[in-house]
Structures are given as structure tokens and as C-alpha cells.
Amino acid sequence: MTGECRVERLAKRVAGTPRELRTDRLLLRRWVPADREPFAALNADPKVAEYLPGTLSRKESDAMIKRLEGHFDRHGFGFWALEIRDGLCAGFVGLSVPRFEAHFTPCVEIGWRLGPTHWGRGYATEGARAALAFGFDVLGLEEIVSFTVPGNAASRRVMEKIGMTTDPADDFDHPSLAEGDPLRRHLLYRISAPAGQTKTA
């Protein structure tokens with residue numbers, strides 16, 4: 001079965017799966033209206049946007065939440081809102097099907113975005129490990145990818161901590177960014193499911 005067919009059928013396979021994941025310190029959950037304000041503040045921070053195309057307005061940030069929830073509706077999984085202790089959204093961690101085409105798509109990617117006040121505490125790594133386990137144990141994925149620009153050392157460290165590896169032959173120009181954009185060149189990281197752990201669609 002092609003990768004495209006596997007991705008398209010994931011939603012059917014994960015019907016009834018948990019709406020949230022818990023770790024020792026984190027709750028990965030679906031989005032609620034109260035997340036909009038803290039998420040907008042995060043997306044408006046230039047530090048967060050350093051390796052992204054740009055900051056987001058409140059309207060753009062709210063629209064992003066709507067897209068993230070729509071992804072859950074279509075696929076049965078997505079980027080969960082990340083809650084730490086105070087009940088407020090500290091960012092997101094989770095799995096997503098990229099909307100662009102590249103040599104490695106269709107695929108499922110793992111990603112995260114946290115506000116600066118939560119950097120350096122291992123939250124992204126902890127949440128990513130939970131999402132990775134969900135992808136392999138529950139979704140039965142054969143492979144999960146992630147990608148970022150070469151200069152994004154913090155995200156690259158998280159990718160490496162959760163066992164992902166990169167190969168220069170996989171480097172690619174992000175098709176959503178224009179030629180000449182300094183962020184266009186990306187590194188692709190991959191991780192395969194442990195032997196005997198994948199399921200067939």
C-alpha cells in the first residue's frame with residue numbers, strides 16, 4: 001500500500017483514540033477557546049518566529065488553531081495544545097500531515113512550538129516522546145519525520161534526543177518559501193518504528 005493511502009486511512013484506524021496524552025509534567029490535549037490568547041502571545045513573539053516565516057497577528061493565530069482542530073477532525077490526530085501546570089496553553093506538540101509536496105511526502109511529521117518562558121526545561125522533548133510513542137504504538141506508523149532550518153539548533157537537539165537522524169541526501173528546499181528566502185533550505189530528520197511495532201492499514 002502506498003504512503004498516501006496509509007495517511008488517508010489513519011483517521012479510520014484511530015477512531016475512538018484518547019483526546020489527550022499525559023506525561024509526568026505535561027498534558028497534551030485538544031484546543032479550547034481559552035487557548036487563543038496565550039497562543040496568540042506566543043505567535044507574536046519574534047523569538048518564537050526566528051526560524052519561521054514571521055510572527056502572527058491575533059487573527060492569524062486564531063485561524064491557526066482552527067486549522068489545527070480541523071486536522072484532528074480529518075485525521076484523528078494532530079498538534080495538541082500543550083498544558084504544563086497552570087491550565088494555560090504553553091504551545092503545541094504533536095503529529096501532523098504536511099500540506100506541501102516534497103520527495104518524502106506523503107508522511108506524518110512530529111513538531112512542537114513553545115513560548116520562550118518554557119524553553120530549556122525539557123518540555124518539548126518530553127512532549128515529543130509522548131507524541132512519538134502515540135504515532136508508533138497507536139497509529140502504527142512505519143516512520144515519522146521532522147524538519148527545520150540548519151540554524152535551529154534547539155529543535156535539532158530535540159529531534160536528536162528522541163532518536164531522529166538526518167542524512168544530507170534528504171536536505172530540501174521548502175516549497176512554501178520563495179527562492180532566495182534564507183529559511184528555504186531545510187534538513188529532514190527521520191525515525192522508524194521499532195521492529196515488529198507497526199500495523200498494517
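These are my notebook entries on a few places I looked up in this structure.

**Ground rules.** I am working with a predicted model, where local features need pLDDT of at least 70 and side-chain atom pairs count only at pLDDT 80 or more, while totals for chains, interfaces and linings use all residues. Residues are numbered from 1 along each chain as its sequence is written, and side-chain values use heavy atoms, with hydrogens and water left out.

**Entry 1: the core.** I started with the nonpolar core, meaning a set of buried Ala, Val, Leu, Ile, Met, Phe, Trp, Tyr and Cys residues joined through side-chain atoms within 4.5 Å. Buried is under 20% relative accessible area, exposed is over 50%, and partly exposed is in between (1.4 Å probe, protein chains only). In soluble globular proteins, nonpolar side chains tend to be buried together. The largest core here has 44 residues, and W31, L95, I110, W112 and I144 touch the most other members. Among the elements that each supply at least two residues are α4 (58-75), β4 (89-96) and β9 (185-192). Helix α5 gives the most, with eight residues. I noted that helices (H or I, at least four residues) and strands (E, at least two) are DSSP runs, numbered from the N terminus.

Which residues does W112 touch? Leaving out residues up to four places away in sequence, I found F92, V93, A124, A128, S146, S155, V158, M159 and I162. Contact means heavy atoms within 4.5 Å. Another core, of seven residues, lies apart from the largest one and includes F100, F104, C107 and V145.

**Entry 2: Y51.** I found Y51 in the loop between α3 (36-43) and α4. Is Y51 buried or partly exposed? Its relative accessible area is 30%, so Y51 counts as partly exposed. Beyond residues up to four places away in sequence, Y51 touches V149, G151, N152 and L183. A polar atom of the Y51 side chain lies 3.1 Å from the backbone oxygen of G151. Y51 and L183 are 132 residues apart in sequence, yet their C-alpha atoms are 6.9 Å apart in space.

**Entry 3: R184.** Next I looked at the loop between β8 (172-173) and β9, where R184 sits. R184 is buried but has no salt bridge, and the nearest side chain of opposite charge, D173, is 4.1 Å away. A salt bridge needs a side-chain nitrogen of Lys or Arg within 4 Å of a carboxyl oxygen of Asp or Glu. For charge, Lys and Arg count as positive and Asp and Glu as negative, with His and the chain ends not counted.

**Entry 4: H75.** My last stop was H75, in helix α4. H75 counts as buried because its relative accessibility is 13%.

Key
Polar contact = N/O pair within 3.5 Å; in protein donor to acceptor, adjacent residues only side chain to side chain.
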